[in-house]
Amino acid sequence: MTLARLRKICLDANDPPKLGPWWAGVLGLEWRPYPHGEGGIYPPGGDQPVIWVNRVPEPKTVKHRWHLDIYAKSLDALTAAGATVVLPQGDDRKWTVMADPEDGEFCAFVRDPAPGPSPHGLVVDCADPSGLARWWVGVLGGELRDYSPEHTEASQVPGMTHTFDFVKVPEPKVTKNRIHLDLTVDTVEPLLTAGATVLRAPDDEIDFHVLADPEGNELCAFPYPPGR
C-alpha cells in the first residue's frame, strides 16, 4: 500500500515565463502559462507528470541536488537553444552534464532518433541511495534495482514514465532544493510515521504541508483531492 500519489514535479525558477517555455521546448512538451506568471509543462494524454515551474526570489547558489536526465538528438541543438556544457561526456560517463538558462544542471544522453518527449529520469543526489530509494518507493510505489552501493534505481513508479534514480555523493545538502515533488495524500500522518518531518504546516497562506524526507529533501503534501 502506497502512502501518496505523485501530483507534480516542481522546478523553481527566477523567471518562469522564460525558463518554462525553454524546458517545454527541450522536452518536446506543451507550456501552459498561468496569469500569475508561473505555469506547467504538460504531457500529451496526461500519462506523464506535469512539470510545474514555480517562481522563487532566491538565485541558484549550489549544484542541483535533484536534476533531470533527458534524451537529445544532439548537443548542438541544446547549446543553440541556450544550454551550456558543464562537463563533457568522457571516461565511464555516457552523458554530458549541461546547464539550463538559469544554470540548473541536467544530464543529456544523445540518442538519434531520441525516444519520445519526456525526461529520461529524475535523479537524486544523496548519502544513502538504497535507503532513500526504498523510502520513496514505500511512499509512491515502484520497483527497485540496486546497481551498486552508489546507485539505486526506482522504476514503474505510479505517475512516472521515467526512472527515479538515487546516486551517492559526498557533499551534504546545504540549502533548499530547486526541484521537489508535490504529492497528494488522504492524510499526512502516514508520511510522518514513515519518517518525514514537517517544515511548515497549513496556515493562512498555504493549504498543504511542506515536509522533508529522511535526508532533508523538501516535498509538498496536498490533501486529496488537491485544494480541498
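Helices (H or I, at least four residues) and strands (E, at least two) are DSSP runs, numbered from the N terminus. Please note that this is a predicted model, where local features need pLDDT of at least 70, side-chain atom pairs count only at pLDDT 80 or more, and totals for chains, interfaces and linings use all residues. Residues are numbered from 1 along each chain as its sequence is written, and side-chain values use heavy atoms, leaving out hydrogens and water.

**Helix H3**
- Buried residues of H3 include Trp135 and Trp136; buried means under 20% relative accessible area, exposed over 50%, partly exposed in between (1.4 Å probe, protein chains only).
- Gly141 follows H3 and has a positive phi, near 95°.

**Val50**
- Val50 belongs to strand S4 (residues 50-55) and counts as buried because its relative accessibility is 13%.

**Salt bridges**
- The structure holds twelve salt bridges, each a side-chain nitrogen of Lys or Arg within 4 Å of a carboxyl oxygen of Asp or Glu.
- Glu105 pairs with Lys60 in a salt bridge, with the closest N and O atoms 3.1 Å apart.
- This pair links distant parts of the chain, 45 residues apart.
- Glu105 is buried at 15% relative accessibility, while Lys60 is partly exposed at 22%.
- Asp12, Glu58 and Lys176 are joined in a network of salt bridges.
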